[in-house]
Amino acid sequence: GTALSSAYFGQGNGSIFLANVSCNEAEMFFENCTHDFDILSYNCSHSKDAGVMCLSCIDGSIRLVGGTNSKEGRVEVCSGGMWGTVCDDYWDNTDASVVCRQLGYHSGTAFGSAYFGQGTGSIVMDNVHCNGTESLLKNCTHITEHNCNHNEDAGVKCVLCADESIRLVNGSHDWEGRVEVCVSGSWGTVCDNNWDSNDAAAVCRQLGWGSSGSALLNAYFGQGDGSIHLDNVHCFGTEQLLTNCRNSTTHNCGNSKDAGVACH
Ligand SMILES: [Ca+2]
Ligand SMILES: [Ca+2]
Ligand SMILES: [Ca+2]
Ligand SMILES: [Ca+2]
């Protein structure tokens with residue numbers, strides 16, 4: 001909140017009870033703050049009535065509203081302590097990806113025309129031009145004098161990862177771990193049916209850890225908690241991407257059969 005002085009919200013009447021109020025961040029209750037009842041010694045009058053303006057958010061923070069999951073929605077930006085929306089003029093995937101990265105996701109896709117419903121309150125950003133390197137949406141070039149309506153509210157759908165990328169999870173070294181592959185913007189594991197050293201070689205090659213590796217079975221590096229994206233993988237070992245190897249996307253596996261790799 002913001003402290004306002006000198007009867008900012010008008011003068012009260014009746015008694016003045018407190019003066020010289022001093023709170024620290026740890027106080028849970030206003031009554032625990034130190035204060036004086038000795039009004040006279042502080043020269044108080046109603047022209048010095050204290051006020052407060054509470055903030056519902058921290059300026060520059062963003063949230064997604066109206067989506068079917070937490071990774072999508074109408075973009076709302078905190079400005080002046082209040083949530084407002086963003087106009088879709090010049091709203092593109094570069095802008096959407098800045099929003100998604102600010103929220104901890106990998107990247108995103110832009111939606112316009114109040115795709116996730118119309119917001120209320122102020123339209124706080126228009127003509128947004130991110131160059132893609134900004135860590136906060138508020139740092140992107142934009143104007144605040146808009147020519148928009150809420151039927152132009154901007155939205156995003158964020159993804160956790162780039163499709164076809166892979167990572168090794170839970171190994172003791174960077175070059176080993178449970179194999180996870182990105183499909184449709186989320187991480188999942190690989191079932192160890194027919195998982196062998198040719199498949200491991202493709203994983204190691206894609207990640208830049210050389211051209212050979214050991215295949216490890218039965219959730220050697222622990223079980224994943226997401227979907228199982230690939231099964232029955234058949235690589236020659238020379239593929240640039242694991243997803244280029246022949247595989248089946250339907251499976252009859254559990255996470256206890258998550259495949260792993262140790263590159264060498
Ligand atoms: Ca527009
Ligand atoms: Ca505009
Ligand atoms: Ca733009
Ligand atoms: Ca295989």
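Strand S12 (residues 166-170) and strand S13 (residues 176-183) run antiparallel and are joined by 5 bridges. Pairing here requires at least two DSSP bridges between two strands. Strands and helices are DSSP runs, numbered from the N terminus: E with at least two residues for strands, H or I with at least four for helices. The two strands form a hairpin, with 5 residues between them.

Arg-167 pairs with Glu-180, their closest N and O atoms being 2.7 Å apart. Arg-167 lies in S12 and Glu-180 in S13, so the contact ties together parts that are 13 residues apart in sequence. The term means a side-chain nitrogen of Lys or Arg within 4 Å of a carboxyl oxygen of Asp or Glu. Arg-167 is partly exposed at 34% relative accessible area, while Glu-180 is buried at 6%. Buried means under 20% relative accessible area, exposed means over 50%, and partly exposed lies in between, with a 1.4 Å probe and protein chains only.

## Model and conventions

This is a predicted model: local features need pLDDT of at least 70, side-chain atom pairs count only at pLDDT 80 or more, and totals for chains, interfaces and linings use all residues. Residues are numbered from 1 along each chain as its sequence is written, chains are lettered from A and ligands numbered from 1 in the order written, and side-chain values use heavy atoms, leaving out hydrogens and water.

## Other salt bridges

The count comes to 5 salt bridges. In one of them, Glu-76 meets Arg-63, with the closest N and O atoms 2.8 Å apart. Glu-76 sits in strand S6 (residues 72-79) and Arg-63 in strand S5 (residues 62-66), so the pair ties together parts 13 residues apart in sequence. Glu-76 is buried, with a relative accessible area of 6%. Arg-63 is partly exposed at 35%. Arg-63, Arg-74 and Glu-76 are linked in a network of salt bridges.

Asp-192 and Lys-257 form another, their closest N and O atoms being 2.9 Å apart. This pair links distant parts of the chain, 65 residues apart: Asp-192 is in the loop between strand S14 (186-190) and H2, Lys-257 in the loop between strand S17 (246-248) and strand S18 (260-263). Asp-192 is buried at 6%. Lys-257 is partly exposed at 26%.

Donors are N, O and S atoms within 2.8 Å of the metal, or 3.2 Å for Na, K and Ca; water is not among the atoms, so sites may look incomplete. The calcium ion (ligand 2) is coordinated by Asp-89 (OD), Asp-126 (OD), Asp-126 (OD), Asn-127 (OD1) and Asn-147 (OD1), at 2.2 to 2.8 Å. Asp-89 lies in the loop between strand S7 (82-86) and helix H1 (93-102), and Asn-147 in the loop between strand S10 (141-143) and strand S11 (155-159), so the pair ties together parts 58 residues apart in sequence. Asn-147 is exposed at 59% relative accessibility.

Asp-95 is buried at 0%, whereas Tyr-90 is exposed at 55%. The calcium ion (ligand 4) has Asn-194 (O), Asp-199 (OD), Asp-199 (OD) and Val-233 (O) at 2.1 to 3.0 Å. Here the spacing is N-x4-D-x33-V. Asp-199 in helix H2 (residues 197-207) and Val-233 in strand S16 are 34 residues apart. Both are buried.

## Positive phi in two loops

Most residues other than glycine have a negative phi. Tyr-90, in the loop between S7 and H1, has a positive phi near 60°. Ala-114 also has a positive phi, near 50°. Ala-114 lies in the loop between strand S8 (107-111) and strand S9 (123-129), and is buried at 15%.

## Domains

The domain assignment, whose bounds come from an automatic or database source, gives domain 1 (2-53), domain 2 (62-159) and domain 3 (166-263). The centres of domain 1 and domain 3, taken over C-alpha atoms, are 64 Å apart.
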